[in-house]
Amino acid sequence: MKTRDVHLYKKLHEETANYGDSGGIYVEEIAEFIQERSVTNVLDFGCGKGMLADILTERLPAITIDKYDPAIEGHTTIPAEAYTVIVSTDVLEHLYPDEIEGIFKEMLELDPEAMYHVISHVAAHQILSDGTNAHKTVEPPEWWKEKIEQLCPDYTVSFTKTDVGHFKIVRAVS
């Protein structure tokens with residue numbers, strides 16, 4: 001799914017050296033989440049500069065860690081047809097509210113057993129070149145939990161609220 005402002009984020013990535021490189025700060029929690037499961041591959045959805053995927057690849061060499069980001073040349077297509085785990089860090093809040101359902105549909109088509117999303121619930125410091133805030137959907141974690149539950153009815157959703165929301169989404173056992 002192509003999102004409306006992907007060209008603005010592409011420009012921001014090109015012009016700002018450290019934009020899109022913060023995913024590595026969540027590596028401990030995400031690595032633990034991955035290691036709790038029988039995982040063959042992971043998709044870093046909205047990978048930015050790829051720091052999280054690179055660190056996870058070093059720490060978990062037996063697991064394939066793929067990168068996808070429509071704003072990053074070389075990572076604009078999803079490499080595999082299915083993933084055991086999908087992660088995103090500081091990505092989903094960059095979507096407009098009417099784009100969220102399409103992105104989750106795209107992720108669910110990859111048939112993940114589990115997902116881990118870090119979602120900011122405050123306005124970004126970064127302003128896009130069109131003068132708008134980089135975070136398009138600024139909602140509290142409770143709102144995101146309800147939205148994710150609606151979009152992922154076969155999954156159990158839990159979250160931890162810190163300065164961002166850490167959402168663990170696991171397919172319910174039937």
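Trainee: Is strand 4 (residues 114-120) buried or exposed?
Mentor: This is a predicted model, where local features need pLDDT of at least 70, side-chain atom pairs count only at pLDDT 80 or more, and totals for chains, interfaces and linings use all residues. Residues are numbered from 1 along each chain as its sequence is written, and side-chain values use heavy atoms, leaving out hydrogens and water. Strands (E, at least two residues) and helices (H or I, at least four) are DSSP runs numbered from the N terminus, and buried means under 20% relative accessible area, exposed over 50%, partly exposed in between (1.4 Å probe, protein chains only). Seven of the seven residues fall under that cut-off, so the rest of the structure largely encloses strand 4, and the word is buried.

Trainee: Which residues of strand 4 point the other way from Ala114, Tyr116, Val118 and Ser120?
Mentor: In a regular strand, side chains alternate between the two faces of the sheet. Here both sets are buried, and the other set is Met115, His117 and Ile119.

Trainee: Which residue of strand 4 is the bridge partner of Thr89?
Mentor: Strands pair if DSSP finds at least two bridges between them. Strand 3 (residues 85-89) runs parallel to strand 4, with five bridges joining them. Within strand 4, the partner of Thr89 is Val118.

Trainee: Which residue in strand 6 stands opposite Ala114?
Mentor: Strand 6 (residues 164-171) pairs with strand 4 over seven bridges, in the antiparallel sense. Opposite Ala114 stands Val170.

Trainee: What are the buried residues of helix 2 (residues 27-35)?
Mentor: Strand 4 is among the elements they pack against, with contact meaning heavy atoms within 4.5 Å. The buried residues of helix 2 are Val27, Ile30, Ala31, Phe33 and Ile34.
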